[in-house]
Amino acid sequence: MTEKHYWSVAETADQLKRGKVSVVEVTQAQLARIEAVNPKINALTTPVEEALDVARALDEKGRPEDAGPLWGVPVTTKINVDQKGYPNSNGVAANANALSEDDSPVVANLKRGGAVIVGRSSTPEFSMRWFTSNPIHGVSTNPWDEALTPGGSSGAAAAAVACGIGAIGHGNDLGGSLRYPAYCCGVATIRPSLGRIPAMNPTQSAAGIERGPFTQLMAVQGPIARSVADVRAGLSVMAQQDLRDPLWAHPGDRKHTSGEPLKVGYAVNPFAGRIDAEVERAMQTAITAMKDSGATLQEITPPAAADLPDLWGTLMFTEAETLLRETIKQDGSPEMWDYYQAFVKHFAPTDLKGLMQAMQRRIVCQRAWAQMFTDIDVLLLPTSLQKPFRNDQDFKEPDTLSDIVSAQSPLLAINVLGLPSVALPTHLEGQTPLGVQMVGPMQQDGFLLDVAERLERELGTLWQRL
């Protein structure tokens, strides 16, 4: 039988429901796993001290008849969301002791759903990198190969869950920060539709500091897990309404294909950057698997795909220059400040007129993609155009930044559009995970997960090999 720390959400729920194990035993297995594995991957900044107390309380009350899928299930949360009694440092040394007095909506939803939070996962400074290291907690590593990045900014969450720390890892995605870590660590995730999971930090709100407007339009919270089924379970709990986020969106009615073959569009590289041969093989692996599942495949050119990454950069770094520049300069490490300035040079911020034109361009692109989904059901894309980068490559090899940004074009494009996207692994090249992402129509997260499970059934999962 699978070891407790690798149990899926469904396995954990079944064992708890049948009384084969207690929540305390499940939690103890997780804490033991953290002690055994975390020193190597440096994914969790701290175990959650009250995890066993929470587990005991759940055992004493007993499993309710209407228990949700995460009741008694171990999860982790990222250190850039508020969790009562724990710092929300966002990887910034100046905020190392910034204790939260209340829970963010996503943390509150996990607690209400009966999940047991066993640890807090690390993030890079300001959660602004596709790598995970910071001056407070050091460097997180990839469990497959420590020379590779685990991704960022939710790289620690992905590394932890790949190693059996938590059935669900919480993360967030503004520029690929859920999908890229899942890609690097060989696990699965969903970047939900914009507004699907409520988001805000009470600490920031109380101080009158809200997320910037373009961050609000492009950032999401989400689950990372070892299987698509577990991603679905995590999403269902995280996505409960919280009135503190007025942008929360109710899920749409699930799309059906009415018995017709699933229509999958694919584009191997509709972007401007070069693509690695390994990534092309991942795409071909996924294309073949979808055909084997009975789907109809059609090569397409997604509207304005090559323009979308620069549109993302215009919006994000115009906002950053206005709202974040001085904070990054004052509180960031020297490496982070240099990195930020290089980013600004790559994505030139614009003036007010340019900003308004960028927003006009965004809605035109969103409309075109919505119309595209009248011809296909989902779109298959690379997650990144290159295989996982070397760890901390952006800091150690700053002259490669343009190449890094170009490789992430498939990630940035989807953030601009606000669409749901599931990332999942396809195969290993040696000890390097590879994968793809599947993009769906707005608010069709459930349908997209259905399609992703179909692909996963053909390909299998990778985590059992660790």
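## Sheet architecture

An open sheet of eleven strands, with mixed pairing, runs in the order E1-E3-E2-E6-E8-E7-E12-E13-E11-E9-E10. Strand E1 (44-47) and E10 stand at its edges; each has a single partner strand, so one side of each is left without a neighbour in the sheet. On average, and with direction ignored, neighbouring strands of this sheet are turned by 30° against each other. The model described here is predicted.

Strands of a sheet pair through backbone hydrogen bonds, and the pairing is either parallel or antiparallel.

## Strand E2 and its partners

E2 pairs with E3 in the parallel sense over five bridges. Within this pair, Lys-78 has Ser-121 of E3 as its bridge partner. The two strands also belong to a right-handed β-α-β unit, made by E2, helix H4 (residues 105-112) and E3.

Strand E2 (residues 74-78) is mostly covered, five of its five residues being buried. Pro-74, Thr-76 and Lys-78 point one way from the strand, while Val-75 and Thr-77 point the other way, and all are buried.

## Strand E6 and strand E8

E6 is joined to strand E8 (residues 220-225) by six bridges, and the two run antiparallel. One of the residues involved is Gly-171, whose bridge partner in E8 is Gly-222.

## Helix H18 on the sheet

H18 packs on the sheet and touches strand E7 (188-191), strand E11 (378-382), strand E12 (421-429) and strand E13 (432-439). The direction of H18 makes about 10° with that of E12.

Glu-453 is placed in helix H18 (residues 445-459). Because its relative accessible area is 19%, Glu-453 is buried, the cut-off for that class being under 20%. When neighbours within four places in sequence are left aside, the contacts of Glu-453 are with Val-228, Ala-229 and Arg-232.

## Salt bridges

Side chains of opposite charge can pair when their charged atoms come close. The model contains 19 salt bridges.

Asp-394 forms one of them with Arg-129, with the closest N and O atoms 2.7 Å apart. This pair links distant parts of the chain, 265 residues apart: Asp-394 is in helix H15 (residues 393-396), and Arg-129 is in the loop between strand E3 (116-121) and strand E4 (133-134). Both Asp-394 and Arg-129 are buried. A further salt bridge joins Asp-307 to Arg-361, where the closest N and O atoms are 3.3 Å apart. This pair, too, links distant parts of the chain. Asp-307 lies in the loop between strand E10 (296-299) and helix H11 (308-323), whereas Arg-361 lies in helix H14 (residues 352-372), 54 residues apart. Asp-307 counts as partly exposed because its relative accessibility is 43%, and Arg-361 counts as partly exposed at 34%.

The side chains of Arg-390 and Glu-397 also meet in a salt bridge, at 2.8 Å from N to O. Arg-390 is partly exposed, with 44% relative accessibility, and Glu-397 is partly exposed, with a relative accessible area of 24%.

## Surroundings of Lys-255

Lys-255 is located in the loop between helix H9 (228-238) and strand E9 (263-266). Its relative accessibility is 22%, so Lys-255 counts as partly exposed. Apart from neighbours within four places in sequence, Lys-255 is in contact with Phe-373, Ile-376, Asp-377, Pro-441, Gln-444 and Phe-447. Between Lys-255 and Thr-46 there are 209 residues of separation in sequence and 41 Å in space, C-alpha to C-alpha.

How values were computed:
Residues are numbered from 1 along each chain as its sequence is written. This is a predicted model: local features need pLDDT of at least 70, side-chain atom pairs count only at pLDDT 80 or more; totals for chains, interfaces and linings use all residues. Side-chain values use heavy atoms; hydrogens and water are left out. A salt bridge is a side-chain nitrogen of Lys or Arg within 4 Å of a carboxyl oxygen of Asp or Glu. Helices (H or I, at least four residues) and strands (E, at least two) are DSSP runs, numbered from the N terminus. Buried means under 20% relative accessible area, exposed over 50%, partly exposed in between (1.4 Å probe, protein chains only). Contact means heavy atoms within 4.5 Å. Two strands pair if DSSP finds at least two bridges between them. A crossover is right-handed if, with the strands pointing away from the viewer, the path from the first strand over the helix to the second runs clockwise. Axes are lines fitted to C-alpha atoms, for helices over the stretch in contact, and angles run from 0 to 180 degrees between N-to-C directions.
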